[in-house]
Amino acid sequence: MDTRPVAVAVDGSDHSLRALEWAIPTARRLAAELVIAHVLPDHTQLWAARRSALGPGPALNDPVTDRVRAALSGRDELPSVRFDSLVGEVPDALHALGAGARMLVMGSRGRGGFASLLLGSNSLAVATRAPCPVVVVPRLARTGADERTSGRVVLGLHLGETADDVIEFAFVEAAARGVPLQVLTAYPAPPPAALMVAGEYPPGPLDPDQYEPAEGDVTREQAERIGPFEARFPGVEVDALIAPADAAGHLVDASASAALIVVGRHRRRLKSGSLLMGSVAHAVLHHTECPVAVVPAREDD
């Protein structure tokens with residue numbers, strides 16, 4: 001049994017409170033403790049020490065915890081809640097918190113529309129480096145009572161890169177929510193015939209193996225990857241889907257009606273400390289309409 005808590009980072013802003021709204025029912029569904037963490041600047045270290053001396057729970061006269069209290073008040077069903085004040089730079093402090101967490105939930109400072117490209121730098125840094133799954137809740141995502149609890153969980157499955165940890169996370173979330181899991185795998189698509197005729201496609205002989213969809217092979221490999229998890233989670237209805245090219249585009253489209261998108265953090269080819277996490281995860285984080293879970297493989301750190 002996984003006894004690690006669900007952690008959520010709050011700073012009193014609206015986007016962080018939306019993350020809290022998402023984390024509360026998630027912790028309750030998973031029967032996990034909810035850790036509400038507030039990262040304090042270095043110069044408030046003395047204040048944090050004095051606050052800690054008061055014992056567990058939010059300090060008095062703290063505007064951040066006042067907003068958290070208001071968000072928690074009046075709820076009939078709450079998970080076990082613990083408050084934690086962290087000191088230092090946000091990515092570093094949350095990295096340490098994530099080492100003992102089941103998942104870490106954050107808001108995004110994106111402003112919607114085309115400006116949603118402006119994913120908060122802290123959210124991006126934490127999603128890239130944290131040792132646990134990081135769920136980023138965009139501004140327009142439904143949360144709390146309005147959450148798409150009936151929407152499916154969607155897993156972006158790259159047959160050659162997605163780790164089993166990512167697949168397991170998606171199945172656990174679908175099982176906890178009692179919703180279907182859609183597994184989406186993209187395969188290479190040939191260039192449009194018009195481009196080849198016009199000579200606009202990059203020169204050189206076309207490799208038929210590179211562009212042949214081979215749908216049967218992809219379907220078989222996909223079934224082999226998810227088969228063991230279907231056996232472990234017999235109550236989860238699985239919708240296996242393959243689609244041509246543009247995995248990120250398909251996942252962003254799916255986010256319009258999904259409850260959660262799950263993607264892997266592919267770092268095996270990247271230098272240590274890089275702020276890259278794989279092009280699909282990066283694109284989905286910037287354009288999604290629903291919460292996104294970026295899940296590392298256990299060997300990443």
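The largest nonpolar core of this structure holds 45 residues, and Leu 20, Val 105 and Val 262 touch the most other members. Helix α1 (residues 14-29) gives this core its largest share, 7 residues. The model is a predicted one.

**Nonpolar cores**

- In soluble globular proteins, nonpolar side chains tend to be buried together.
- A second core is separate and has 33 residues. Among them are Leu 94, Leu 97, Val 136 and Ala 281.

**The sheet**

- An open sheet is formed by 10 strands. Their order is β3-β2-β1-β4-β5-β10-β9-β6-β7-β8, and the pairing is mixed.
- Which strands sit at the edges? They are β3 (81-87) and β8 (238-244), and each pairs on one side only.
- On average, neighbouring strands of this sheet are turned by 25° against each other, direction ignored.
- Strand β5 (residues 134-137) pairs with strand β10 (residues 292-295) in the antiparallel sense, over 3 bridges.
- Within this pair, Val 134 stands opposite Val 294 of β10.

**A helix pair**

- Two packed helices are described by the angle between their axes and the distance between the axes.
- For helix α4 (residues 90-98) and helix α5 (residues 121-129), the angle is about 35° and the axes are 9 Å apart.
- The α4 and α5 crossing is right-handed.
- Helix α4 makes the contact through Val 90, Pro 91, Leu 94 and His 95. Helix α5 uses Asn 122, Ala 125, Val 126 and Arg 129.
- The residues of this contact divide into 5 nonpolar, 2 polar and 1 charged.
- Leu 94 of α4 takes part in this contact, and Leu 94 is also included in the second core.

**A loop residue**

- Phe 233 lies in the loop between α9 (215-232) and β8.
- Is Phe 233 buried or exposed? Its relative accessible area is 16%, so Phe 233 counts as buried, the cut-off being under 20%.
- Not counting residues up to four places away in sequence, Phe 233 touches Phe 171, Val 172 and Ala 175.
- Phe 233 and Ala 175 are 58 residues apart in sequence. In space, they are 7.3 Å apart, C-alpha to C-alpha.

Terms used:
Residues numbered from 1 in each chain as written. Predicted model: local features only at pLDDT ≥ 70, side-chain atom pairs only at ≥ 80, totals over all residues. Heavy atoms only, no water. Core = buried A, V, L, I, M, F, W, Y, C linked by side-chain atoms within 4.5 Å. Buried < 20%, exposed > 50% of the residue type's maximum accessible area, 1.4 Å probe, protein only. Helix = DSSP H or I, 4+ residues; strand = E, 2+ residues; numbered from the N terminus. Pairing = 2+ DSSP bridges. Axes fitted to C-alpha atoms, helices over the stretch in contact; angles between N-to-C directions. Left-handed = near helix turned anticlockwise from the far one by under 90°. Contact = heavy atoms within 4.5 Å. Nonpolar A, V, L, I, M, F, W, Y, C, P; charged D, E, K, R; others polar.
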